[in-house]
Amino acid sequence: MDTTANTPTRPDIGDDELRGLVGRLTLEEKVRLVVGEDVWSLPALPGIGLRKIRMSDGPAGVRGVHMDERETSLLFPSPTAQAAAWDPEVARRVGFLMGAQARDKDIHVLLAPTVNMHRTPLGGRHFECYSEDPLLTSRIGVGFVEGVQSAGVAATMKHYVANDSENERFTYDVTVDERALRELYLAPFEAAVREARAWLVMSAYNSTNGHTMTENSRLQNDVLKGEWGFDGVVVSDWMAVRSTESAYLGGTDIAMPGPNGLWGDALVEAVREGRVDESVLDDKVTRILRLAARVGALGDTAPPDGVSTPEDARAQLRAIAARAMVLLENPSGALPLDASQMRRVALIGPNAVRLSAQGGGSAHVTPDHVVGVPEALGEALGPGTELTVSQGVFTHRRLDFLPTAATTVPDTGEPGVLVEFRSTDGTLLDAERRRTSQVVVFPGIMPEGTATIVMKARVLPECDGVHLAEVAGSGDFAVRVDAAEYRITLAGERDDPGAALMRPPLHRFEVPANAGTPVDIEVTYGDGAELFIAALGIGWGSPRRAEDDELAAAVADAAAADVAVVVVGTTDDIESETFDRENLRLPGRSDELVARVAEANPNTIVVVNAGSPVLMPWRNDVAAVLWAWLPGQEGGAAVGDVLTGAVEPGGRLPTTHPADEADVPVLSTQPVNGAHHYAESHTIGYRLWALRGAKPAYPFGHGLGYTDWAYERLDVSGDAASGLTVNVEVRNTGVRDGREVVQVYLEPVSGELFGTPEPIRLVGFAPVDADAGDAVTVAVAVPQDVLARWSPEANGWEGPSGRYRVSVGRSVADLRLTDEIEL
Ligand code: BGC
């Protein structure tokens, strides 16, 4: 794999040449570039050899320009999982794979990674960010950016900055002191700009210290472009630009989406009338042309040769998902499972039958397939073990789409769903036969003038009974199910346009049906006016038993098996963009399910399928707990690999997991009078847990494996000016080969810095592999800039001085060796 990041594709393209090209553009052409051509692209300007630049979300895969099954994408484990590998090389591999797929899809700019912080576990996009620790976030972010850009595709660091929760996301103002900004929230951006030379930064929706980010000249012009020397492009988050002149002067270079934002004609006018200087526009355009050259979209520049999705991409995703899984509990070695000893395994749980492979929101992609747990575990256990499967409880807000194998177009009998696009007067503009009963369209990917969308499908029920049909979307619907007709209007809960897309309102109908007798469904969407954006879907559910009976059946399965594997977790309706989670509990009756199964069978293994922390009140009453994250399209296979021991679960928690909501030091995501005051300053996550003294369920850095480790030697050298080298010798004392993540923490012996309590913090880490019985020594570098702290008094970085404790171990709460040094 080539990871030579940032190699310009035509190294001799210099700033003078770029400025020369800018000089050949008219004012109108320059403005067309900075407002974008449509939702995802910048226009081509053939006169100067500029080709179209296409952008795509996001951190879990390269979605492309469609948001439904017309464009499938490799679906990666959630970014929290990517961080849980604690391995920049894994992040680089993830980045390169995404870059390669972007190249296949003719995408030049990937809108990822998301490097906001895990300030509170309730944050809706928590799963999309890496960690509560700025160093871990930075190291993973740098690896990811280098990987993406080595494929000739631009990475975008988002969302700049302090965009750490979703409620009131367009408007809240974060008040945060400079030390916290520098050490936590800005740190991953700074690392990616200085080290990985990230080519874009995305300006966030929120305000920071009184200025909305797209207009935040201090943070965008002074800090990002000035202090850090960022020579790339600042793209606004979609619809984040609120003004013409202030955002133009505030450091934002592109106002997306195009073409009709606040910058078009209004900006031309503002420049013409001399209200803003045209040189600012020239700088923006120079940056865009530099980006174009970097991604091979200008003149004779070209991206690196021979980059495309490798054939073993699926195997790589499976390995990454397994590597990221965290073994939280395994007190008596119930894992790995020994199939030769098991006659029957009961696989139970809502997420066992419907794996949550990803979270919701703009990070959502449509994978070609998702490997489920039942098929993968069945294969991993082999034919000698019987596998029973039961759901136990119902936790999904939405039904599945119409079953592909049993759905046809009514008139033709061809497989799929017919989707018609009609104009205001009913004229048929276009019709498509689609594989799923979901449509997401916006300008550019919907026939111009569309006012009505009609979906027609015929479903063949597999059994007799009352089925459920569901319509999802925001707006007016006319629905026909066989002879019955309904008119419904569904309204979104809030005025965030994204919410209608990401958690649409639903309406359900009961449909009595018989096996083999087809049911015709026709959904007509639209109120007669021309559509701008539409997201609608039809769901379908077979008859189900009452939940009490379902639960009792699962418990009976568990009692009759040698081992029960319960898979519980969240869904993409719980972890998603546009809203925060309401609490940390598993949905519905999940906890009751685990407790009752564990009572029925002492060999109960729980697999948690979630992207961010949930409470696990039963965690000490079960034989093992495996945290599987939102594991991506190969997730089921990776779960099978880890449960049966084909692969060691190599992950460590990138964030603290609480035992109780009351203990969480920062929990609320609700702004108070439109503001979030980050009163805890530079101490979030485990640092604040340490200061407060509460004990979490699982500390930051925690993760067991299938072997044991002894820390045998610690040797610290260096100083504040040149950085430290921390040599650590660890021995694999178990009987299996394994992987350890050596973690290095630092704290002042006095417990104070700059006159305030200073908690312990991570300053380095290194993953190591060792065969059973072997010892390895790893040298962890702690560079000078990691040691430095932002002094409020000097208003600048200062190296530490005084006596410090350096500790190494398996988590922040499991430190095995300690040394003291004078800095
Ligand atoms: C999200 C961004 C995303 C953009 C484009 C916004 O709602 O905040 O992360 O890149 O949409 O989809």
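A domain, as the word is used here, is a stretch of the chain whose bounds come from an automatic or database domain assignment. Keep that in mind as you look at this structure, which is a predicted model.

Let's start with the overall layout. The chain splits into four pieces: domain 1 covers 15-294, domain 2 is made of 317-394 plus 545-655, domain 3 runs over 404-541, and domain 4 takes in 707-822.

Now let's find the ligand. Where does it sit? Look in the second largest pocket. There, 13 residues surround the ligand, and the closest ones are Asp57, Arg125, His159, Asp237 and Glu577. What kinds of residues make up this shell? Six are charged, five are nonpolar and two are polar.

His159 has a polar side-chain atom 2.7 Å from an oxygen atom of the ligand. Lys158 brings a side-chain N or O atom to 2.9 Å from a ligand oxygen, and for Tyr205 the distance from a side-chain N or O atom to a ligand oxygen is 3.0 Å. So how much of the ligand is covered up? On its own, the ligand would expose 310 Å², and the protein buries 94% of that area.

Terms used
Residues numbered from 1 in each chain as written. Predicted model: local features only at pLDDT ≥ 70, side-chain atom pairs only at ≥ 80, totals over all residues. Heavy atoms only, no water. Near = heavy atom within 4 Å. Polar contact = N/O pair within 3.5 Å; in protein donor to acceptor, adjacent residues only side chain to side chain. Areas by Shrake-Rupley, 256 points an atom, 1.4 Å probe, with all protein chains shown as cover. 1 Å grid on protein atoms, 1.4 Å probe; cavity = no way out; pocket = protein on both sides within 12 Å on 5 of 7 lines; lining within 4 Å. Sits in = over half its atoms within 2 Å of the grid points. Nonpolar A, V, L, I, M, F, W, Y, C, P; charged D, E, K, R; others polar.
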